[in-house]
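My notes follow in the order I looked things up.

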Amino acid sequence: MYIKVVLDIPSKDFSNVHVIASWILILLVLGNLQVECHPYLNQSKLLEFCKSKDIVLVAYSALGSHRHPNWVEKDSPYVLEDPTLKAIAKKHNRSPGQVALRYQVQRGVVVLAKSFSEKRIKDNFQIFDFELTPEDMKAIDGLNRNFRYAKLLFAVDHPYYPFSEEY
Ligand SMILES: NC(=O)c1ccc[n+]([C@@H]2O[C@H](COP(=O)([O-])OP(=O)(O)OC[C@H]3O[C@@H](n4cnc5c(N)ncnc54)[C@H](OP(=O)(O)O)[C@@H]3O)[C@@H](O)[C@H]2O)c1
């Protein structure tokens, strides 16, 4: 039914609001939303909205992205080099990557991590045997700066470019 509602919106009448409304309707059917999400773009408002609608938020680029030069500007900050994240990692005797992944799990986000290294793949699973304190979580929340790695700049002039919207 939701899909029918979306399809019934005449395409000539589509505005950004329609596009966003359509996505919300589709998400209600699919039940999950995959977005860029890490300590520098923590998507807290979107996460709150998703939780209120029983939509699971899935985080990609949770370690600060692959930094491929075709997609990510080379002067982008390194999440895993962040002093706060490093200090929390040191305190728990973990890597900054493990802390960045644990942060997402603890706030109810399904988290993706990509690596070509066998050791890192194994390490990235070792996040269920330690817990960040509420103070750690608050400190990591405080790192947010709404910084997006994959800005898709080639599409920035498109009328439906999504990343100018608050969500
Ligand atoms: N839906 C979408 O539009 C979308 C967009 C982007 C990505 N994704 C999905 O999200 C997944 C991951 O996102 P991503 O590739 O952007 O980035 P990511 O997982 O944030 O970062 C991957 C990079 O981090 C390194 N890394 C992995 N584990 C590490 C650790 N423990 N410590 C330090 N560095 C570590 C990897 O290098 P090494 O290989 O050298 O370990 C790789 O360069 C992708 O597989 C993709 O399927 C989806």
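I began with helix α4, residues 83-92, in this predicted model. I found Leu85, Ile88 and Ala89 buried there. Why do they lie on the same side of α4? They cover an arc of only 100 degrees around the axis, so they share that side. I then checked the other side of α4, where Pro83, Lys90 and Lys91 are exposed.

Next I looked up the strands. Strand β1 covers residues 32-36, and strand β2 covers residues 56-60. How many bridges join β1 to β2? I noted 5, and the two strands run parallel. For Glu36 I looked up the bridge partner in β2, and it is Tyr60. Helix α3, residues 44-52, belongs with this pair: β1, α3 and β2 make a right-handed β-α-β unit.

Tyr60 came up again at the ligand. I listed 21 residues around the ligand. The closest are Tyr60, Leu63, Gly97, Lys114 and Ser115. I sorted the shell by type and got 8 nonpolar, 10 polar and 3 charged residues. Which helix gives the largest share of the shell? Helix α6, residues 118-125, does, with 3 residues.

Last, I turned to the record. An unreviewed UniProt entry places the feature "domain: NADP-dependent oxidoreductase" at residues 33-144. Over residues 33-144 I noted 41% helix and 10% strand. The end C-alpha atoms of that stretch are 20 Å apart.

How values were computed
Residues numbered from 1 in each chain as written. Predicted model: local features only at pLDDT ≥ 70, side-chain atom pairs only at ≥ 80, totals over all residues. UniProt positions renumbered as here; feature names shortened; annotations may be inferred. Helix = DSSP H or I, 4+ residues; strand = E, 2+ residues; numbered from the N terminus. Near = placed C-beta within 6 Å. Nonpolar A, V, L, I, M, F, W, Y, C, P; charged D, E, K, R; others polar. Pairing = 2+ DSSP bridges. Right-handed = clockwise from strand over helix to strand, strands pointing away. Buried ≥ 20, exposed ≤ 12 C-beta atoms within 10 Å, placed from the backbone. Arc of directions from axis to C-beta.
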